[in-house]
Amino acid sequence: MHRRQVEVGKTRARVLAAARELLLLKDFSGFSMESVARRADVSRLTLYYQFESKAGLLEALYDHIARRGKMEQLASIFRQNSDPLATLSDFIGVFTNFWASDRAAIRRLHALGTIDPDIGKGLQARNERRRQGVQTIVERYSRVYPGLSSSRKAVAIDTIHMLTSFETFDALAGSSRNVDDVVTIIQGHVHHAIGYVGKASH
């Protein structure tokens, strides 16, 4: 049984690697379950058994990239930080480093999401989870640092959600900015969005 699990794990890793390689080709319009199966040297049946559909395969690839990009750190920053400003700073850092970890592949995944509704649904769900994280931080901030009205909170949530998106990171990074520079730019805009003016505790 253990040997079987090891083999399944190796096959899965090979498939995900093949999917990423095909996704990064200059012309990726021919990306399909069939092309991935050929590149990974597995049967289509195996591919469909493990991932069910192209959307399922790309969801698994996104999860794989997220693990390599250390997105698991996100849970701990909500548990460990009592200061919402520190949580917000770490939140920005986690996402910015994740977007930078495999920028080209993430860009292609987002591009596919705009033209394929099934893939787009998965990306929408991820974006909604990020929005919920932003909302939690802004609510904590407003309790510690009163002054944000309901309408200001809504604007802050929308603004921070936009600023922490891949699209914003990709545009700000361009071809020459490093991650630290992008983080500094985003944090400046985020502080403006929440009305940060040098809180005493930070």
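Analyst: The term pLDDT denotes the predictor's confidence in each residue, on a scale from 0 to 100. It applies here because this is a predicted model.

User: What pLDDT does the protein chain average?

Analyst: Of the residues, 96% score at least 70. For the protein chain, the average pLDDT is 91.

User: Which residues have the most contacts inside the largest nonpolar core?

Analyst: In soluble globular proteins, nonpolar side chains tend to be buried together. In this model the largest nonpolar core has 58 residues. L57 illustrates the packing: leaving aside neighbours within four places in sequence, its contacts are V15, L16, A19, F31, M33, V36 and F51. The residues with the most contacts inside the core are V36, L57 and F98.

User: How many cavities of 30 Å³ or more are there?

Analyst: The largest cavity holds about 50 Å³ of space. With 30 Å³ as the cut-off, the count is 1.

User: Which helix supplies the largest share of the lining of the largest cavity?

Analyst: The lining consists of A55, L58, E59, Y62, L109, I119 and L123. By class, 6 of these are nonpolar, none is polar and 1 is charged. Two helices, α4 (54-68) and α8 (117-144), each supply at least two lining residues. The largest share, 4 residues, comes from α4.

Technical notes
Residues numbered from 1 in each chain as written. Predicted model: local features only at pLDDT ≥ 70, side-chain atom pairs only at ≥ 80, totals over all residues. Heavy atoms only, no water. Core = buried A, V, L, I, M, F, W, Y, C linked by side-chain atoms within 4.5 Å. Buried < 20%, exposed > 50% of the residue type's maximum accessible area, 1.4 Å probe, protein only. Contact = heavy atoms within 4.5 Å. 1 Å grid on protein atoms, 1.4 Å probe; cavity = no way out; pocket = protein on both sides within 12 Å on 5 of 7 lines; lining within 4 Å. Points joined across faces, edges and corners; volume = space filled by probe spheres on them. Nonpolar A, V, L, I, M, F, W, Y, C, P; charged D, E, K, R; others polar.
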